[in-house]
Amino acid sequence: MYAQMVKSEATNDDPEKLAAFQARIDANEKIEPKDWMPEGYRKTLIRQIGQHAHSEIVGQLPEGNWITRAPTLERKAILLAKVQDEAGHGLYLYCAAETLGISRDEMTEMLLSGKMKYSSIFNYPTLNWADIGAVGWLVDGAAIMNQVPLQRTSFGPYSRAMIRICKEESFHQRQGYDIMMKMARGSPEQKEMAQDALNRFWYPSLMMFGPSDKDSVHSAQSMAWKIKINTNDELRQKFVDQTVPQAEYLGLTIPDPDLKWNEEKGGYDFSEPDWSEFYDVLKGNGPCNRDRIEARQEAWEKGRWFRDALVAHAEKRAARRVAAE
Ligand code: 3HC
């Protein structure tokens, strides 16, 4: 289905249609699934939305590990609610991608075969409870920075999904920061755990915004089509400028000796992440890549009977409806 869709689009990219399409984008109109769109626009959206959806689902794994080990019933309930939210975010995004002619099964098979990515950050382990605070504070904080502008993305279903998702993200970030506040104000050992979590999650969180603009493969075209509203570096800078004062409030130190306020720029100068590590993790060599894919593969296999039963039930109901007409 998806393959045919893309082929048919490839023959329609005539200059007039492209010009009319670009005029709609430039006028900030929303593009809807049934509207004509260039094949490249459809493919980029499927790529980005599919990876975004996978990130939401795979992102449940590092936190899900700690639901049974949460220190209090209240923390368990909060974390449970957050992990459930992420499943819903994945659902909205898979539905948005399906309007472009790809099925969830195809996207999942592409994830499991490595043809579709998920955010690199989820290939790092959550070793203790402070990590759960750092994930909420930094990872969801970075996700908010990246997702808020996406509410204005040109593709209607993606924009509407983002509006719904962003309403929940601030709770995700706040609950993480609240854990970090408790730990940073706790015993010296707890404060040390919070600092260690910040040390380990700081640079992987900066990597969430993608490679630097000079190395970004898709940014120029994605911004011309207003799929992407800001560049990777712009959002990374905003994240750093917002997060440094939060770390100071906690009494924690950002693990970057070159971090310095630049009055002229009106923002912090900071060290870039180790991009060789970034690309190594993308190649599958991160600490948890294999575990994450194995977990998704197992869930996919074990859930097959349930998906088949749902499809069989739907087909039976459709057949009964036809028979009754
Ligand atoms: N992890 C994995 N792959 C990444 C990446 C990351 N952090 N950053 C970039 N990449 C990949 C891109 O997908 C692309 O590879 P591809 O061609 O195989 O898809 C390549 O690196 C080059 O990067 P580009 O900058 O050219 O790619 P994009 O223009 O797509 O920009 C992006 C990358 C900023 C992540 C963009 O895709 C985006 O904004 N995606 C939507 C938001 C998203 O996915 N956020 C991730 C986290 S969601 C989350 O954290 C959920 C929260 O609730 C916990």
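Predicted model: local features only at pLDDT ≥ 70, side-chain atom pairs only at ≥ 80, totals over all residues.
Residues are numbered from 1 along each chain as its sequence is written, and side-chain values use heavy atoms, with hydrogens and water left out.

**Around the ligand**

- The ligand is surrounded by 30 residues, and the closest are Lys117, Ser216, Val217, His218 and Lys228; a residue counts as near if one of its heavy atoms lies within 4 Å of the molecule.
- Glu86 and Glu169 each place a polar side-chain atom 2.9 Å from an oxygen atom of the ligand, where a polar contact is a pair of N or O atoms within 3.5 Å.
- Taken alone the ligand exposes 1000 Å², and the protein buries 91% of that, with accessible areas coming from the Shrake-Rupley method with a 1.4 Å probe.
- Helix 3 (39-58) gives the largest share of the shell around the ligand, six residues, where helices are DSSP runs (H or I, at least four residues) numbered from the N terminus.
- By class, this shell has 12 nonpolar, 11 polar and seven charged residues; Asp, Glu, Lys and Arg count as charged, Ala, Val, Leu, Ile, Met, Phe, Trp, Tyr, Cys and Pro as nonpolar, and the others, Gly among them, as polar.

**The largest pocket**

- The space taken by the ligand is the largest pocket, where a molecule sits in a pocket if more than half of its atoms lie within 2 Å of its grid points.
- A pocket is an open set of points, on a 1 Å grid over the protein atoms alone, where a 1.4 Å probe fits, with protein on both sides within 12 Å along at least five of seven lines, and lining residues have an atom within 4 Å of a point.
- The volume of the largest pocket is about 1100 Å³, a volume being the space filled by probe spheres set on the points.
- Among the 45 residues that line this pocket, Gln51, Ser119, Asn146, Met208 and Gly210 lie nearest its centre, while helix 7 provides the largest share of the lining, nine residues.

**The second largest pocket**

- About 400 Å³ of space lies in the second largest pocket, whose lining of 17 residues has Arg104, Thr108, Arg296, Trp300 and Arg307 nearest the centre.
- Helix 5 contributes the largest share of this lining, five residues, and by class the lining has nine nonpolar, four polar and four charged residues.

Technical notes
Polar contact = N/O pair within 3.5 Å; in protein donor to acceptor, adjacent residues only side chain to side chain. Helix = DSSP H or I, 4+ residues; strand = E, 2+ residues; numbered from the N terminus.
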